[in-house]
Amino acid sequence: MSTSTVETFESSLKELNISMTRTEPANFEATIESLVSSPAVGVPLDSYEGLSLSNTSVETPPTPQLLKSSETGVTPVGKAIAEYGTLVLDSDSAGTEPVGLYPPHHVGIVRENDVLETVDSVGRHLESRFAAGKSSIFATGVSSTGDMGSLVEGVHGPKNVDVVLITDR
Amino acid sequence: MSSQRTRRRKAEQLRTLLETQSESIQKNVDHLNQARYEAVNRFERFEELRSEARKIKENSIEELPSLLETLQDQVEANGGHVYLAKDAEDANRYITNVAASKDAETLVKSKSMTTEEIEVNDALEEIGVDVWETDLGEFVLQVAEEAPSHLVGPSLHKSRDEVATLFNRVFEPDEPFETAEELTEFARDYLGDQIREADIGMTGANFILAESGTITLVTNEGNARKSAVTPNTHIAVAGVEKVIPNADTLQPFVELISKTATGQDLPQYVSMLTPPVESPTIDFDEPDAPLGSGDAEREFHLVLIDNGRMEMRDDEQLKETLYCIRCGACANSCGNFQHVGGHAFGGETYTGGIATGWEAGIEDLQTAGEFNDLCTGCSRCVNACPVKIDIPWINTVVRDRLNRERAPSDFEFLVEGLTPDSEETVDLQKRFFGNFDTVATLGSATAPVSNWLANLGPVRALMDRAFGIAPERDLPEFKRETLADWFANRGSTVPEATAERTVVLYPDVYTNYVLTNRGKAAIHTLEALGVHVELATPIESGRAPLSQGMIQTATNLAEDVAADLRPHLDEGRDLVMIEPSDLAMVRREYDKLLDADAFERLSENSYDVMEYVYGLLANGADINELAEVNDSIAYHSHCQQRTMGVDAYTEAVFEEFGVDFVTSDVECCGMAGSFGYKSQYYELSMDLGSNLAEQFEGTDRTIVASGTSCTEQLSTLFRREVTHPIEVIAPSGP
Ligand code: SF4
């Protein structure tokens, strides 16, 4: 993974009106606090070594009430596609899918190494997930519709998305 | 019903839509088109992925039975259920049984054309299940009790004001809705409640991966995501043609579908779910218990619909329809669709150009016949389709089949001498236009008397009654001296032995009998640039009968043309053509009508006349031998010319001349061969023409068009002479 992949990712996100915040693991909690609006719900970050939401205002584990009333949902992001600014959300039993979907604001946490260049390059990731009976979602930009006569953002899914990029050092 | 009555009824229906829906449809579709052109232009691998996607679909349909088997095994191994339904009734029986077994009271749906096809909402409501459409466009239609008018934007025939009026009447809010934001917010909250309470979530599936049992859903709103994972029970309904092998074969579609559908680089959401999904169950009745903590389990049913598809698979001509990923680009790129939308240009479920294939396959020929004539064969959809379906050809094939079923008319005696294709059942209007070469030969032989006669009131009335020729239209004026006569008397002025190049010029029917000046201009130009010209025998290319669905007649003509041209090609002559629709025959449609060798030989050696001139100039021919061009020009190229990408040569030649010119950018002039002459379509044709008229409104430039139809349409619109580009640059000569 080269710097330029991350730069491409950032500029694709910008085109989608999504801002990307770089943070080192040490500053993770402060970064999260600066981005979320309360109440916030999150998925425990078990798969991310050294990162946790426990010392933040983000509530875990998710409940139906939290899904319904939270302003922000915080989730891990399995892979990201630089070319399109796409977040590959890997569904899991912790609730990444609904937490990234119900609240009007989604904060996706991406590890630098998980940013890949193209749709093609996440093929292997998808293939192994599907083979194991798992599901993933490409989320590109915010939920929107043109069905009411002009483009409106924030329909059944989030109206705002933020990306937190965990840099190695 | 008499043919004339049928035609009047059709005209009436189109008129109503032009008055009520046209504005909204045009606005929305224009926007989709613009975005599509931009998305495709900035995506370098578009053509490469189209070919890939096409191959994947070809292979998948070929191997469908074994893919279905793999899929069924895999879904069951994953813990889901698969039901292969032979038709709508069968599917609905299964689905209502599942609903009953769950004691379901409500079901939420995301957008799915296939569920429209089987009318599952009615079946569910009959057993007391409340069904809610969660796609906002579908929701609008559910509230309005209307049918979708577009594959992707089902309610795009409705303006915001209309939706606001509808919602204010039905939902009686305290503060009336006005803006799109207010309407969206209301619908989201309203449907959000329904989704949380629903017992079952129903989705379609854009693609299904056989090897893993993964279904792919493409949405922008996020409603499919919610509908699929909020209720514990998920039913996915899809046509059998949606199955492809695996994630690898999914990739090109993911990158293509929204580019051609809405002009977005990727859809907002592509859900790739391998159900029953791992996401925890969500019980809104236990608001504070962590997700997934109850003992509820997820249940998944995949209902695969045949409903005629397996028969389509065995039908060499209709089979291609099954490759369709329902992106709607063929509708958006279609001039007629832009003006009347899917309520006219569509059948029971499907809309736009490809609807002919779908409706013929899943309903019947007659259903497709209701709207099939709205495809004029302009071919603007051909380059738009992400899976390279030859949509005009499917329309032609269905037209041909319909022709064979039609009952003979009372006016049969009028068309003696007009080839009735293989059987005498083609309707008279189609036979008249399909045999335009015969009409032209007679007209020319008896000109100018035939021209005077044809324009007399009683004759026009009879023409309307018998053939449905719109009395408002000027008829072509046949020349007594045809181009072939003129050339036979005059001969060539550049001897073949000394010429740099030699060509055989094809005198299409219009050039030969009506617009002879453009033929002479072509000869003068070529000769001035040192080219020896031979004139081919004037044999109609087959375009006229093909456009009427008379494939046999068209094939016979194509073979005659090929036989006539063969010796010329043997002599090493290049084939030069003036009429773009005939060039398109040779380059595209002959592929279907002739054997591969004959087709390749003709298509590879054929040139648009301006393309040829461009080539000559680029290879050192002296532009000073041609006319001096001082006029500024308004140029309208031809739909099929654009599909072939040869319009650029005319513009390039104008540039060589330093001409000040503007070009139109409408998809179609509206005339489209015989279409604009037909009384039932006259108004629609003029409505399309008005867009073109707007582009050149008030211009004092010389109006120039490449195609005959466009020339006629523009002459009607502007009441002045419209010439071919070759006439602009041709030097005078003998
Ligand atoms: S035929 Fe092609 S362009 Fe038309 S809807 Fe299907 S995939 Fe899209």
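Author: In chain B, six strands form an open sheet with parallel pairing, in the order E1-E10-E7-E4-E2-E3. Strands here are DSSP runs (E, at least two residues), as helices are runs of H or I with at least four residues, both numbered from the N terminus; two strands pair if DSSP finds at least two bridges between them. Strand E1 (81-85) and strand E3 (130-133) of chain B stand at the edges with a single partner strand each, so one side of each has no neighbour in the sheet. On average, neighbouring strands of this sheet are turned by 20 degrees against each other, direction ignored; the axes are lines fitted to C-alpha atoms, for helices over the stretch in contact, with angles from 0 to 180 degrees between N-to-C directions.

The model is predicted: local features need pLDDT of at least 70 and side-chain atom pairs count only at pLDDT 80 or more, while totals for chains, interfaces and linings use all residues. Residues are numbered from 1 along each chain as its sequence is written, chains are lettered from A and ligands numbered from 1 in the order in which they are written, and side-chain values use heavy atoms, with hydrogens and water left out.

The loop between strand E9 (269-273) and strand E10 (299-305) of chain B holds B:Pro276, and the peptide bond from B:Pro275 to B:Pro276 is cis, with omega near -5 degrees. A further backbone detail is B:Glu145, a residue other than glycine with a positive phi, near 55 degrees; B:Glu145 lies in the loop between helix H8 (136-144) and helix H9 (160-171) of chain B.

The assignment for chain B, which is automatic or from a database, gives domain 1 (54-309) and domain 2 (483-729). The C-alpha centres of these two domains of chain B are 49 Å apart.

Another open sheet of chain B has three strands in the order E16-E15-E17, again with parallel pairing. Its edges are strand E16 (661-663) and strand E17 (702-705) of chain B; each has a single partner strand, so one side of each is left without a neighbour in the sheet. Neighbouring strands of this sheet are turned by 25 degrees against each other on average, direction ignored. Three bridges connect strand E15 (residues 633-636) of chain B with E16(B) in parallel, and B:Ala634 stands opposite B:Val662 in E16(B).
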